Amino acid sequence: MKQCSIVHNISVLTASATMLMLAGCGSSSSDNTQTESTTQQSVDNTADTSTSSSSNSTSDTSSNTSTSDTTSGTSTDNSGDTSDSTDSSDGVDNGTAATSGSTDGVLCDYFYNEFNDSASVQATSNADWNCTGSARTLTANGIPDHQTGTFPNPGNPNTISETSVSISYSLTPTKTETTSTLGGPRGATGYVLNGVKIDANTAGSCDDSGNDCSLVGNTGNWSIEALGQTSFDFGTDDNNAHVQPDGSYHYHGMPEGFIALRGGSDTTMTLIGWAADGFPIYARYGYSDSDDAQSALKVITGSYQLVENVSSNRPSTLVYALGTFAQDWEYVAGSGDLDECNGRFGVTPEFPEGIYHYYATDSYPYFQRCVKGEI
């Protein structure tokens with residue numbers, strides 16, 4: 001078996017808005033009607049002046065405290081971890097693409113099946129990836145293979161449970177000039193190797209006044225972010241993840257526990273999963289020269305910036321700082337390392353001839369929310 005391993009605070013007028021909110025976990029774009037919570041809570045929002053330009057790589061939103069989180073996974077988090085499919089930092093190759101334009105030969109037989117003794121899990125994590133014909137398939141039960149935060153918690157009332165995962169991605173992904181936005185009812189934008197889905201948007205929103213907000217339903221014009229803001233608590237843990245009502249544990253940002261299990265560090269690129277179009281996903285680090293595998297590794301950043309011209313229809317920034325809503329961010333080509341889907345073309349350890357690939361980043365959008373390949 002293979003081893004599967006801002007707040008720029010300033011003094012402002014305090015404005016308070018009391019609203020009836022459903023405490024739940026977000027997992028969709030603005031048109032998602034999926035309900036992610038079954039409990040209600042009244043939340044008082046105070047003035048928040050965070051510029052929220054980046055997420056903390058070891059914690060979620062600042063409203064999410066250690067009382068609801070446990071330490072992210074480390075190499076000793078799970079009693080069973082017996083695969084030898086580790087990152088190249090551990091001296092084991094993930095494989096190399098058999099032919100140009102194909103992902104065949106890379107992690108085609110990734111298998112994990114071990115009990116996760118994390119207090120909020122207590123279940124076996126299973127993920128089985130295979131390459132057959134023209135497809136890469138995943139059969140999994142959605143149970144994470146690393147330590148998690150406490151669920152249920154005040155910001156997320158749901159319990160982690162098994163969910164059936166069965167997907168098939170192309171082994172010969174084809175990049176296009178168009179983008180496909182995924183998430184929520186449109187499907188996961190990808191899966192981490194452990195079989196846990198990537199779903200970076202939320203179902204939370206506010207109306208223009210900011211007085212009517214809900215963490216579910218997406219009925220308002222302003223889509224609430226799960227990470228990088230302090231006005232709303234989605235109950236995310238140190239893995240930037242939480243749970244949907246059906247029990248699905250899912251990632252909104254950097255899956256820290258899984259990266260630790262994979263031996264992720266600043267000395268190597270760490271392949272952590274596959275996007276819905278079949279292209280690979282890496283975590284945090286990439287080559288400073290995307291075409292040169294001998295160039296130094298650096299922290300890869302997204303190319304989104306906070307809007308300079310704030311809409312007059314937006315809820316007050318004295319109450320909800322810029323960065324609270326998805327609409328507070330705009331793609332600015334060249335401002336970071338990546339395109340609008342958090343991807344770029346370049347060489348990687350597994351694809352020495354180069355391939356289009358995505359990144360989990362500490363900066364918005366944290367995980368890709370669209371894909372550039374055919375699906």
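Two strands count as paired here if DSSP finds at least two bridges between them. Keep in mind as you click around that this is a predicted model.

**Stop 1: a pair of strands.** Select residues 190-192, which make up strand β8, and then residues 271-275, which are strand β15. These two run in the antiparallel sense and are joined over three bridges.

**Stop 2: the whole sheet.** Zoom out from that pair. What is the order of the strands in the open sheet of eight? Reading across, you get β13-β14-β9-β8-β15-β16-β22-β21, and the pairing is mixed. Next, colour 241-243 (β13) and 343-346 (β21), the strands at the edges. Each has a single partner strand, so one side of each is left without a neighbour in the sheet.

Stop 3: Go to N342, in the loop between β20 (329-331) and β21. Its phi is positive, about 65°, although N342 is not a glycine. Is N342 buried or exposed? N342 is buried, with a relative accessible area of 0%.

**Stop 4: another positive phi.** Select R284, which sits in the loop between β16 (280-283) and β17 (285-287). R284 is a residue other than glycine too, and its phi is near 70°. The relative accessibility of R284 is 10%, and buried means under 20%, so R284 counts as buried.

**Stop 5: two cis peptide bonds.** Start with F151 and P152, and look at the bond that links them: the peptide bond is cis, with omega near 0°. P152 belongs to the loop between β5 (135-140) and β6 (165-170). Then jump to Y364 and P365, where the peptide bond is also cis, with omega near 15°. For P365, the setting is the loop between β22 (355-360) and β23 (370-373).

**Stop 6: a pocket.** Which residues lie nearest the centre of the second largest pocket? Select S100, G101, S102, G354 and I355 to see them. They belong to a lining of 17 residues. By type, that lining divides into nine nonpolar, six polar and two charged residues. The space inside the second largest pocket comes to about 240 Å³.

Technical notes
Residues numbered from 1 in each chain as written. Predicted model: local features only at pLDDT ≥ 70, side-chain atom pairs only at ≥ 80, totals over all residues. Heavy atoms only, no water. 1 Å grid on protein atoms, 1.4 Å probe; cavity = no way out; pocket = protein on both sides within 12 Å on 5 of 7 lines; lining within 4 Å. Points joined across faces, edges and corners; volume = space filled by probe spheres on them. Nonpolar A, V, L, I, M, F, W, Y, C, P; charged D, E, K, R; others polar. Helix = DSSP H or I, 4+ residues; strand = E, 2+ residues; numbered from the N terminus. Buried < 20%, exposed > 50% of the residue type's maximum accessible area, 1.4 Å probe, protein only.
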